[in-house]
Amino acid sequence: MNPVREALRADDGALHHRLLSIREEAGFPEQISALRVFDVIAWMDGKSRGIG
């Protein structure tokens, strides 16, 4: 199975709900998926670490 999918489903979807909360706090529309929020956070983290 896909590790990202597993993480989003673990703990009754705790990560998924947190990503939706971050989306809301950032003022992004509902059309932006939790997966896209995760993608942006991962990209920003990698960029800050000088990866890529």
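Trainee: What do the buried residues of α2 pack against?

Mentor: The buried residues of α2 pack against α1, where contact means heavy atoms within 4.5 Å. Helices here are DSSP runs (H or I, at least four residues), numbered from the N terminus. This is a predicted model, in which local features need pLDDT of at least 70, side-chain atom pairs count only at pLDDT 80 or more, and totals for chains, interfaces and linings use all residues. Residues are numbered from 1 along each chain as its sequence is written, and side-chain values use heavy atoms, with hydrogens and water left out.

Trainee: Which residues of α2 are buried?

Mentor: Ala34, Val37 and Gly46 are buried in α2, that is, under 20% relative accessible area with a 1.4 Å probe and protein chains only. Seen down the axis of α2, the buried residues fall within an arc of 165 degrees, so they line one face of the helix. The arc is taken from the directions from the helix axis to the C-beta atoms.

Trainee: And which residues are exposed on the other side of α2?

Mentor: Trp43 and Lys47 are exposed there, exposed meaning over 50% relative accessible area.

Trainee: Turning to the packing, at what angle do α1 and α2 meet?

Mentor: Helix α1 (residues 3-26) and helix α2 (residues 34-48) pack at an angle of about 80 degrees, and their axes are 9 Å apart. That makes α1 roughly perpendicular to α2, a term for angles of 65 to 115 degrees. Axes are lines fitted to C-alpha atoms over the stretch in contact, and angles run from 0 to 180 degrees between N-to-C directions.

Trainee: What follows α2?

Mentor: Glycine 50 follows α2, and its phi is positive, near 80 degrees.

Technical notes
Helices (H or I, at least four residues) and strands (E, at least two) are DSSP runs, numbered from the N terminus. Angles under 35 degrees count as roughly parallel, over 145 as roughly antiparallel, 65 to 115 as roughly perpendicular and the rest as oblique.
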